Amino acid sequence: MADTATLDMAPAATATRIETGPRGAKPRKTFSRRNIFLYGTLIVVAVYYLLPLYVMVVTSLKGMPEIRLGNIFSPPVEITFEPWVKAWSQACTGLNCDGLSRGFWNSVRITVPSVILSIALASINGYALANWRFKGADLFFTILIVGAFIPYQVMIYPIVILLREIGLYGSLWGLVIVHSIFGMPILTLLFRNYFTSVPEELFKAARVDGAGFWGIYFRIMLPMSLPIFVVAIILQVTGIWNDFLFGVVYTRPDTYPMTVQLNNIVNSVQGVKEYNVNMAATILTGLVPLIVYFASGKLFVRGIAAGAVKG
Amino acid sequence: MVMAAGKPSVSIKDLSLNFGNVQVLQALNLDIAEGEFLVLLGPSGCGKSTLLNCIAGLLDISDGQIFINGKNVTWEEPKDRGIGMVFQSYALYPQMTVEGNLSFGLKTAGLPKDEIAKRIARASEILQIEPLLKRKPSALSGGQRQRVAIGRALVRDVDVFLFDEPLSNLDAKLRSELRVEIKRLHQRLANTMIYVTHDQIEALTLADRIAVMKGGVIQQLDAPQAIYNRPVNRFVADFLGSPSMNFISGQLEGGEKPHFKADGVSVPLDRYAFDKSSAATGACIFGIRPEHIAHGEQAAALPFSREIEVEIIEPMGSDMLVWTKLGGSNLTFRAEAEKPLKVGDRVIVGFDPARASLFDAPTGNRI
């Protein structure tokens, strides 16, 4: 045994040890059937998804005469930003003719407090449910989760009455409260599951170190859970920004969020349909969630995967 | 139960804990002397970690009392009990540096800055973690992390240290290194330490006394050597010792000359120290540790010897474990690694029944 080993390591032997035939990494063809199918499918699906966006962008950059020609897929001959300016600052909805800008600021004023309030409440909720197991915690959690499965339509009218009774109906704050309530079940679930994945011994160690409910939350749990907060922020920003139903039900025309205003612009029955303005307005409305996705996409994926990887 | 010498540092009185209908701990009593190193040993699920969590105040107990340093702490918060705790998973705060981890509890307690610095300096000197103070736990190895975790208990300047399987996450080499370090730490600090483990080697090497637990009940509480030599029941005998004790089922025959009889084997028991003065008769289990069985020439001189056939040999480096049969049961014994033994060889084995343990077959208790 020892003899053969020394023989193998002799330099003369190493050069001739390789025999003819397959060697090293297996070669892969670029245009294999597998690759053609894979990339072919991906490209078709991508085109299918991106085509409407392309039509929107192209249409929004055309003048009305060019649109009337009917070639919706052709690129603009003469690029104009007129529809964008009109959509932002001149388009009429009802009595106001100051465009989407009013709705944009309304949406900002609705989204920011709603996101902060709902995430603050839900994270504390989830933390309490995950780490401070109190009597009836499971029951409480079940009730909360059941809330996620009740159709919104059922609750619209009761909430109208509730808001009217406390004098918040039609105000921005009324809508903020509604958004915070409806974000609660899914966000609490999200945070509870995340905090449950934090090792229990960490929590115990902090208790031995003398930290209380808030001390552990702010100084141990919060700094550890940036990924899940990013996920929650993305979910809430896009969800609340894109909301139409609550916006149209719980606010007045001068406090309408952007989505409701967009609908009013696009669905106005009087006058000519200005397709380019409508497209520009739609893109403007969708821009905020889009930016949020692009800016934090990486963190989002990391947050979604965070539960699977041990810290 | 052996009473601890000196004034008890930790005293547990009639402690019970139920999770719903499940009784995890049942009316448990335990006194731990000041400066004592007590090891709670048992298989997983025996309630040893639960007991430690109860002492720490991390679990609410169902009944009984806990005293630490003469003070009733049954209803106290963990931080007010005068304990420091080290966990199996280290449980270091991942976003803080080592220094932040050490100082967290002290800052929470509102200690002045210079006092915090002084204590951190002392702890990091004792544990030799000074070069690591500015690092995050993720940049430390397992052994370093556990050292920091011990440091976090150390800076609290407490009377009682609680260890919850602190070495189980480490590899074998580091484990034995840190084991010695914990022993050294105990000798230096002379604090009361309660140490939970399922590793009998850790228990035997570290403990002043071992409490062997099973099903939420302490089976035996005694010095390591006493538990090893005179286990009170079959469970303790089987759990402690590696390789584990040989057990042979048979009959105990009393009278003037008590004998153990099993499948053609008769072991004289006149040298065996019975627990009760009169030896009972009936079904019983004879236990003898592999290291107490001699072979070859030495064996022939012992009160009991017998020629047997070697069935399996397990070399272990320093020695080897030989498997054979005696009285219808498996029997293992240790032999020197150099011994020219082969499978199928016939060899004489023998032992002194004084070193054996006899257990009542139905109850498993020592006779």
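B:Glu115, B:Lys118 and B:Arg119 are linked in a network of salt bridges (a salt bridge is a side-chain nitrogen of Lys or Arg within 4 Å of a carboxyl oxygen of Asp or Glu). This is a predicted model, in which local features need pLDDT of at least 70 and side-chain atom pairs count only at pLDDT 80 or more, while totals for chains, interfaces and linings use all residues. Residues are numbered from 1 along each chain as its sequence is written, chains are lettered from A in the order in which they are written, and side-chain values use heavy atoms, leaving out hydrogens and water.

**Chain B overall**

- Chain B has 9 helices and 21 strands, taken as DSSP runs (helices: H or I, at least four residues; strands: E, at least two) and numbered from the N terminus.
- Its C-alpha atoms fill a box of roughly 75 × 45 × 35 Å along the principal axes.
- Of the 367 residues in chain B, 51% are buried (buried means under 20% relative accessible area, exposed over 50%, partly exposed in between, with a 1.4 Å probe and protein chains only).

**Contact with chain A**

- In chain B, 26 residues are in contact with 14 residues of chain A, contact meaning heavy atoms within 4.5 Å.
- About 1800 Å² is buried between the two chains, and carbon and sulfur atoms give 60% of that area (buried area is the accessible area, with a 1.4 Å probe, that two parts lose on being put together, summed over both).
- B:Tyr93, B:Gln95 and B:Phe104 supply 29% of the area that chain B buries against chain A, more than any other three residues.
- The interface of chain B and chain A has 2 salt bridges.
- B:Arg156 forms a salt bridge with A:Asp209, with the closest N and O atoms 3.9 Å apart.

**Salt bridges within chain B**

- B:Arg175 pairs with B:Asp199 in a salt bridge whose closest N and O atoms are 3.8 Å apart.
- Because B:Arg175 lies in helix H5 (residues 172-189) and B:Asp199 in the loop between strand S8 (192-197) and helix H6 (200-206), this pair ties together parts that are 24 residues apart in sequence.
- B:Arg175 is partly exposed at 25% relative accessibility, whereas B:Asp199 is buried at 18%.
- B:Arg334 forms a salt bridge with B:Asp319, the closest N and O atoms being 2.7 Å apart.
- That pair links strand S19, which holds B:Arg334, to strand S18 (residues 319-326), which holds B:Asp319, 15 residues apart.
- B:Arg334 also forms a salt bridge with B:Glu291, at 3.9 Å between the closest N and O atoms.
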